Amino acid sequence: MFLAKRIFILLKEVGVQMEEPIVVKQSTKGTLLFSFGALVLAVLSLFLILVDVRTFSNGPRVFQNGTVYVIVKVVAIIGVVFFGYAFFYLIKRAKQGKAILVVDEKGVTDNSSSVSLGLSRGATSMKCGSMPCLGITASSYC
């Protein structure tokens with residue numbers, strides 16, 4: 001929904017006739033903020049791996065259970081792997097500064113997420129009342 005509104009606003013600003021493509025770039029600031037969050041969670045997961053939670057004398061007694069200890073360690077290892085990968089992936093993506101949305105005469109190219117559709121060739125510009133808008137046919141996704 002947000003993406004459709006953004007395309008509509010961009011087409012409204014430049015008009016239906018496009019001499020050059022409309023490019024929406026990824027926010028480097030937002031990506032770096034997400035990567036910082038991933039780094040914090042990876043460090044916290046690493047802390048859970050390195051610290052023996054059974055030695056907490058003032059902590060809850062649930063950590064004295066061997067099964068809970070193993071579960072905490074396994075979840076911490078998964079957390080280090082997942083959030084560590086996310087950190088490096090987000091840093092790489094922030095350095096690239098790639099376009100997440102391109103509207104040109106070929107169609108609409110959506111690269112906003114890992115499940116985006118890519119190039120939609122069935123995109124056409126049209127008039128919606130007095131304002132220009134963008135139409136994408138359902139057959140363009142098949």
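A residue is called buried when its relative accessible area is under 20%, exposed when that area is over 50%, and partly exposed in between, with a 1.4 Å probe and protein chains only. Helices (DSSP runs of H or I with at least four residues) and strands (runs of E with at least two) are numbered from the N terminus. The model is a predicted one, in which local features need a pLDDT of at least 70 and side-chain atom pairs count only at pLDDT 80 or more, while totals for chains, interfaces and linings use all residues. Residues are numbered from 1 along each chain as its sequence is written, and side-chain values use heavy atoms, with hydrogens and water left out.

**Overall make-up and confidence**

The chain comes to three helices and six strands, and from the N terminus on these elements follow the order α-β-α-α-β-β-β-β-β. Of its 142 residues, 30% count as buried. Among contacts (heavy atoms within 4.5 Å) with a separation of 6 or more, 50% are between residues 24 or more positions apart.

The pLDDT, which is the predictor's confidence in each residue on a scale from 0 to 100, averages 75 over the chain, and 64% of the residues score at least 70. Confidence is lowest in helix H1 (residues 2-14), with a mean of 50, and highest in H2, with a mean of 93. Where pLDDT is low, the predicted coordinates should not be read in detail.

**Helix H3 and what covers it**

Helix H3 has 31 residues and reaches 45 Å from its first C-alpha to its last, close to the 45 Å expected at 1.5 Å a residue; the expected span is 1.5 Å times one less than the number of residues. Its buried residues are Tyr 69, Val 72, Lys 73, Ala 76, Gly 79, Gly 84, Ala 86, Phe 87, Leu 90, Arg 93 and Ala 94. The cover over these buried residues includes helix H2 (28-50) and E2.

On the H2 side, Ser 45 is buried because its relative accessible area is 11%. Leaving aside neighbours within four places in sequence, Ser 45 is in contact with Ala 76, Gly 79, Val 80 and Phe 83. Val 81 and Ala 42 are 39 residues apart in sequence, yet 7.7 Å apart in space from C-alpha to C-alpha.

Not counting residues up to four places away in sequence, Arg 93 touches Gln 26, Ile 100, Asn 111 and Ser 112. Just after H3, Gly 97 takes a positive phi of about 60 degrees.

E1 and E2 run antiparallel and are joined by four bridges, where two strands count as paired if DSSP finds at least two bridges between them. Within this pairing, Lys 25 stands opposite Ala 99 in E2. In a regular strand the side chains alternate between the two faces of the sheet. In E1, Ile 22 and Val 24 make up the covered face, whereas Val 23 and Lys 25 make up the uncovered one.

A nonpolar core is a set of buried Ala, Val, Leu, Ile, Met, Phe, Trp, Tyr and Cys residues joined through side-chain atoms within 4.5 Å. The largest such core here has six residues, namely Ile 22, Val 24, Ile 100, Leu 101, Val 103 and Val 108. Strand E1 (22-25) and strand E2 (99-104) are the elements that give two or more residues to this core, and the largest share, three residues, comes from E2.

**Aromatic pairs**

Rings of Phe, Tyr and Trp (its six-membered ring) pair if their centres lie within 6.5 Å, with planes under 30 degrees apart counted as stacked, over 60 as edge-to-face and the rest as tilted. The structure holds three aromatic pairs, including the two tabulated here.

| Pair | Centre to centre | Angle between planes | Class |
|---|---|---|---|
| Phe 82 and Phe 83 | 5.1 Å | 75 degrees | edge-to-face |
| Tyr 85 and Tyr 89 | 6.2 Å | 15 degrees | stacked |

Phe 82 is exposed at 52% relative accessibility, whereas Phe 83 is partly exposed at 24%. Tyr 85 and Tyr 89 both lie in helix H3, four residues apart, which is about one turn of the helix. Tyr 85 counts as exposed at 59% relative accessibility, while Tyr 89 is partly exposed, with a relative accessible area of 34%.
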